[in-house]
Amino acid sequence: MIAKAPKSSRETILGKIRAALPQSAPLPELDATGPWQTFEDREARFSEVLKFVGGQTVHVKTVAEADAHLRTLEPWARGKVRCTMVPGLGDTTFDLKAINDPHQLENVDYAVLRGHFCVAENGAIWVTDDTVHHRVLYFIPQHISLVVPASQIVNNMHEAYARIKIGEHRFAGFISGPSKTADIEQSLVIGAHGARSLTVYLVDEL
Amino acid sequence: MAHPALAQAFVDNRERAQWHDKALWFVREKRDRMASSVPEWELLRETASNIKRHTQSRMAEYLEQFEANATKNGIVVHWAADAHEHNEIVLSILKRHSVKRLVKSKSMLTEECHLNPFLEEHGIDVVDTDLGERIVQLRKETPSHIVLPAIHIRKEEVGECFHEHLGTEKGASDPNYLTEAARNHLRERFCRADAGLTGVNFAIAETGGIVICTNEGNADLGVGLPKIHIACMGMEKLLPRAKDLSVFLRLLARSATGQPVTTYSSHFHGPQPGCEMHVVIVDNGRSEILKSPEFRRSLDCIRCGACMNTCPVYRRSGGHSYEATVPGPIGSILTPLQTPEKHNSLPFACTLCGSCTDVCPVKIDLHQQLFTLRELLDNKRLIGTSKKLSMKVVSGVMSRTWLFNLLGGIARTSLRFMPRFLIYNPLNAWGKQRDLPDAPKQSFRQQYAERQKQKGGGKS
Ligand code: SF4
């Protein structure tokens, strides 16, 4: 059991807040169907935005087709240390189950991972920690692919939050494109700390 | 030193000052394009503002709810009344685990608390991992912008700095090359770190978790490898419901950098197996500001930086001229509220053009607050009496609305019709180095009112 900071600061802070309490104001209703932006062709919008943020979308019928495409990607072919969470799509060159310290994943060149659904408005994909052994697999490989059922594209973030249960995973999140920075003179550079490339496979039969 | 003197020093380097101005205006334009591509943008701002207003009115309750749910998730929650206590809590966690090397992702709160020097005094190696922050840290400076920490530094200077510290080639200034060097240098630091520390973009009362947004992925690498994750948050980061995130995530990156969303929006609801996760909730003067009806809305800030990018004074004077953790319009409110004696010139670093208020995603009435604050400082009612802030009942901003509208009108008219020599005369510090942007013919307020009229009424 970890000792907590003295209760007194907690009481002091809460006491001060209670004393300051501004007039009550209602919490706005938030409806997934509200007057929010929707798209006639969600997939087209998703691909367009993902391209804008530096990623690419590949629509395929089957996992086998995705696999054939993956093998044509230079970063995958060049990568020595690879792993996949999607049977039949790419391969795993080391014993993933034997990894008990995430530091051992430091040298992964390419990882093929699962995404649950895509968001058309901003090119984001929802990922969770239950489909990987270590959450750092989304961030530490040099390149990643996310594999998502082609039918799973929502319009906007309101629809997105309506279909996920926040809190059921210790780690979950949206990923939109490869890692990037513009901290040197506002010049966009892809591949800051995380993945240098992101390829999203939208698969019909998954 | 007061703001005008420091701004002068920045403006003296003409070439840099002009570049700075242009670079930020470019970010502002990207923000505009993003905002106008979302038809319901104004509704999103309004909703965000209302969610924040509600949250403030029940802040204590939501904090308790957050604490209870976070604890259920296995997160250890700490409370810090001030910067000192915050730093002590962080240090005690690190000491307990004999942490020698800490990696940090961006957190304006820890800047505010001066955590880095404190930890370094206690023998802890602290590495800022956001690229801009790392550059600033290696140069022994502070960030000059809350989203773009190194916006005041030219690529040649980054090259020099990396040559000295990371051994890159002398004279190299290509951003791709320099970023690659930083990536390799920081990867090694990530892998060796004993603990990771992050800020918090949003904390969710209903689920007891936190959300952290980055483009680089540095927060996720920083907390994904070591066994200890410490997240530090100002108490105002709270949101009641998970679905409130939909509104704020749509606004944040679009307002900040003109991106549809940040690359990584990570939701943390507990430690990894065998690891520890701590959240430190910090007051440090926030509950004082909460008491003040004129200024409490400044706590709604989601630190997007849009008000800085648009501010004619900030763009031309540089972030360091504010001598504040948070510069620009929002910093010119928050900082003097905390340290009025030292920062009494900041509310005057403002043309009252109102552009900050127009872009703020949570609709903080920035320029009105700056105006009110000037008056308080002018009358010396704030200076030396910061503690009394809450008790001061100024007749209210409302009674002066006409004055704002008038002043705004004058500024807009004069920018359009005043001859150049008047705007760019030696007495006008802000016109000094380059042309001011064209002033809109109508204020946002007028435009909005007109649009509403055309729509056939409806409340704004
Ligand atoms: S005050 Fe508004 S515009 Fe300025 S940083 Fe905060 S949220 Fe952004």
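A: What follows is a chat about how the two chains touch and about a few places inside them, and the model is a predicted one.

Q: Start with the contact. How many residues does it take from chain B and from chain A?
A: It takes 105 residues from chain B and 71 residues from chain A.

Q: What area is buried between chain B and chain A?
A: About 7500 Å² is buried between the two, and carbon and sulfur atoms give 60% of that area.

Q: Why give an area at all?
A: Interface size is often expressed as the accessible area that is lost when the parts come together.

Q: How many salt bridges are there between chain B and chain A?
A: The count is 7 salt bridges. One of them joins B:Arg254 to A:Glu121. The closest N and O atoms of that pair are 2.7 Å apart.

Q: Which part of chain B gives the largest share of its side of the contact?
A: Helix 10 of chain B, residues 175-192, gives the largest share, with 10 residues.

Q: How do the residues on that side divide?
A: On the side of chain B that touches chain A, 48 are nonpolar, 30 are polar and 27 are charged.

Q: Pick one residue at the contact. What does A:Glu185 touch?
A: Apart from residues up to four places away in sequence, A:Glu185 touches B:Trp19, B:Ile153, B:Arg154, B:Lys155 and B:Glu156. With B:Arg154 there is a polar contact of 2.7 Å between the side chains.

Q: Where is A:Glu185, and is it buried or exposed?
A: A:Glu185 sits in the loop between strand 9 (180-181) and strand 10 (189-190) of chain A. Its relative accessible area is 13%, so A:Glu185 counts as buried, the cut-off being under 20%.

Q: What sheet are they in?
A: They are in an open sheet of 8 strands, in the order 7(A)-4(A)-5(A)-8(A)-9(B)-6(B)-5(B)-8(B), with mixed pairing.

Q: Which are the edge strands?
A: Strand 7 (153-154) of chain A and strand 8 (238-239) of chain B are the edge strands, each pairing on one side only.

Q: How does strand 5 of chain B run against strand 8 of chain B, parallel or antiparallel?
A: Strand 5 of chain B (residues 202-204) runs parallel to strand 8 of chain B, and 2 bridges join the two. There, B:Ala203 stands opposite B:Leu238.

Q: Change of topic: chain B by itself. How many helices and strands?
A: Chain B has 21 helices and 10 strands. It has 460 residues, of which 64% count as buried.

Q: Why is strand 7 of chain B largely enclosed?
A: Strand 7 of chain B (residues 228-234) has 7 of its 7 residues buried, so the rest of the structure largely encloses it. On one side the buried residues are B:Ile228, B:Ile230, B:Cys232 and B:Gly234, and on the other they are B:His229, B:Ala231 and B:Met233.

Q: Which strands are joined to strand 7 of chain B?
A: Strand 4 of chain B (residues 195-198) is joined to it by 4 bridges and runs parallel. In that pairing, B:Thr198 has B:Ala231 as its bridge partner. Strand 10 of chain B (residues 276-282) also runs parallel to strand 7, with 7 bridges. Here the bridge partner of B:Met233 is B:Ile281.

Q: One more residue. Where is B:Thr372?
A: B:Thr372 is in helix 18 of chain B, residues 366-378. With a relative accessible area of 2%, B:Thr372 is buried.

Q: What lies 2.9 Å from a polar atom of its side chain?
A: The backbone oxygen of B:Gln368 lies at that distance from the side chain of B:Thr372.

Technical notes:
Residues are numbered from 1 along each chain as its sequence is written. Chains are lettered from A and ligands numbered from 1 in the order in which they are written. This is a predicted model: local features need pLDDT of at least 70, side-chain atom pairs count only at pLDDT 80 or more; totals for chains, interfaces and linings use all residues. Side-chain values use heavy atoms; hydrogens and water are left out. Contact means heavy atoms within 4.5 Å. Buried area is the accessible area (1.4 Å probe) that two parts lose on being put together, summed over both. A salt bridge is a side-chain nitrogen of Lys or Arg within 4 Å of a carboxyl oxygen of Asp or Glu. Ala, Val, Leu, Ile, Met, Phe, Trp, Tyr, Cys and Pro count as nonpolar, Asp, Glu, Lys and Arg as charged, and the others, Gly among them, as polar. Buried means under 20% relative accessible area, exposed over 50%, partly exposed in between (1.4 Å probe, protein chains only). A polar contact is a pair of N or O atoms within 3.5 Å; within protein, one must be able to donate a hydrogen and the other to accept it, and residues adjacent in sequence count only if both atoms are side-chain atoms. Two strands pair if DSSP finds at least two bridges between them.
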